[in-house]
Each structure stands twice: as C-alpha cells, then as structure tokens.
Amino acid sequence: DKTNGQVYNLGSGRPISVLEVARLIVKIVEKGSVEFVPFPEKNKKIEVGDYYADFRKITQALGWKPAVDMEEGISKTVDYYKKYKKYYW
C-alpha cells in the first residue's frame, strides 16, 4: 500500500549518455551506425540536459536494486523484440 500512487526512477547504477546507449545498441545488434549531431542552437532552450536516474526511493520502499548491467539489459531487450517483433512491427 505504501507504494500506491508513487513514481519511481529506475537506473543502472551509473550515468550513461544517450550517445553511449546508441553506440551500445549498435554494438549489440551488430549493424547500424551512430553519428553525433550537435543539438541545434535555436533548440537549446528546450534541451533537458543531463539526467541521472536516482533509484534510492524505490530501494528504500521495496529494496529494489538493478539486477543486470546496462549492456546485458539492452541485449535482453533486443532479444525480446527480435523474438516478438510480429507484435510490434
């Protein structure tokens, strides 16, 4: 009951940039490429900047902690979508 209506952040335990995630996905799927394109100057005011997931709240409430690292988690996610792709695209 203490968690009803609560919002929790989940993370891997270490900060990782969107660029690193993209590179990791390309590495795991073994195809594609990543090109860094700077955020357009005119749009910088809407850029959210860096975000680091702090999962202390859910750890305190439920004892939750990450069970897999980012690379394993992305790999499992890719495998899942490959297996069930007919339901998604």
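In this predicted model, Y80, Y81, Y87, Y88 and W89 make a nonpolar surface patch of about 640 Å². Such patches are made of residues with over 30% relative accessible area and no salt bridge, where like charges are joined within 9 Å and nonpolar side chains (Val, Leu, Ile, Met, Phe, Trp, Tyr) within 5 Å; the accessible areas come from the Shrake-Rupley method with a 1.4 Å probe, and for residues only the protein chains shown count as cover.

**How the model is to be read**

- Residues are numbered from 1 along each chain as its sequence is written, and side-chain values use heavy atoms, with hydrogens and water left out.
- Because the model is predicted, local features need pLDDT of at least 70 and side-chain atom pairs count only at pLDDT 80 or more, while totals for chains, interfaces and linings use all residues.
- The protein averages a pLDDT of 90, and 99% of the residues score at least 70, where pLDDT is the predictor's confidence in each residue, from 0 to 100.

**Helix α3**

- Helices are DSSP runs (H or I, at least four residues), numbered from the N terminus.
- Helix α3 covers residues 70-83, and its 14 residues should span 20 Å at 1.5 Å a residue, which agrees with the 20 Å between its end C-alpha atoms; the expected span is 1.5 Å times one less than the number of residues.
- At the start of α3, the backbone nitrogen of E71 has a side-chain oxygen of D69 within 3.3 Å.

**Salt bridges**

- The whole structure holds four salt bridges, each being a side-chain nitrogen of Lys or Arg within 4 Å of a carboxyl oxygen of Asp or Glu.
- One of them joins K27 and E71, whose closest N and O atoms are 3.1 Å apart; since K27 lies in helix α1 and E71 in helix α3, the pair ties together parts that are 44 residues apart in sequence.
- Of these two partners, K27 is exposed, with a relative accessible area of 52%, whereas E71 is partly exposed, at 36% relative accessibility.
- Another salt bridge brings together the side chains of D54 and R56, at 2.5 Å from N to O; D54 counts as partly exposed at 34% relative accessibility, while R56 counts as exposed at 57%.
- The side chains of K76 and E72 also meet in a salt bridge, at 3.3 Å from N to O, and both residues lie in helix α3, four residues apart, which is about one turn of the helix.
- E72 counts as partly exposed, at 35% relative accessibility.

**The loop between α1 and α2**

- E30 is found in the loop between α1 and α2, where E30 has a positive phi of about 60° although it is not a glycine.
- At 72% relative accessibility, E30 counts as exposed.
- V34 also has its place in the loop between α1 and α2, and V34 is partly exposed, with a relative accessible area of 31%.
- Between V34 and G5 there are 38 Å in space, C-alpha to C-alpha, and the two are 29 residues apart in sequence.

Key:
Helices (H or I, at least four residues) and strands (E, at least two) are DSSP runs, numbered from the N terminus. A polar contact is a pair of N or O atoms within 3.5 Å; within protein, one must be able to donate a hydrogen and the other to accept it, and residues adjacent in sequence count only if both atoms are side-chain atoms. Buried means under 20% relative accessible area, exposed over 50%, partly exposed in between (1.4 Å probe, protein chains only).
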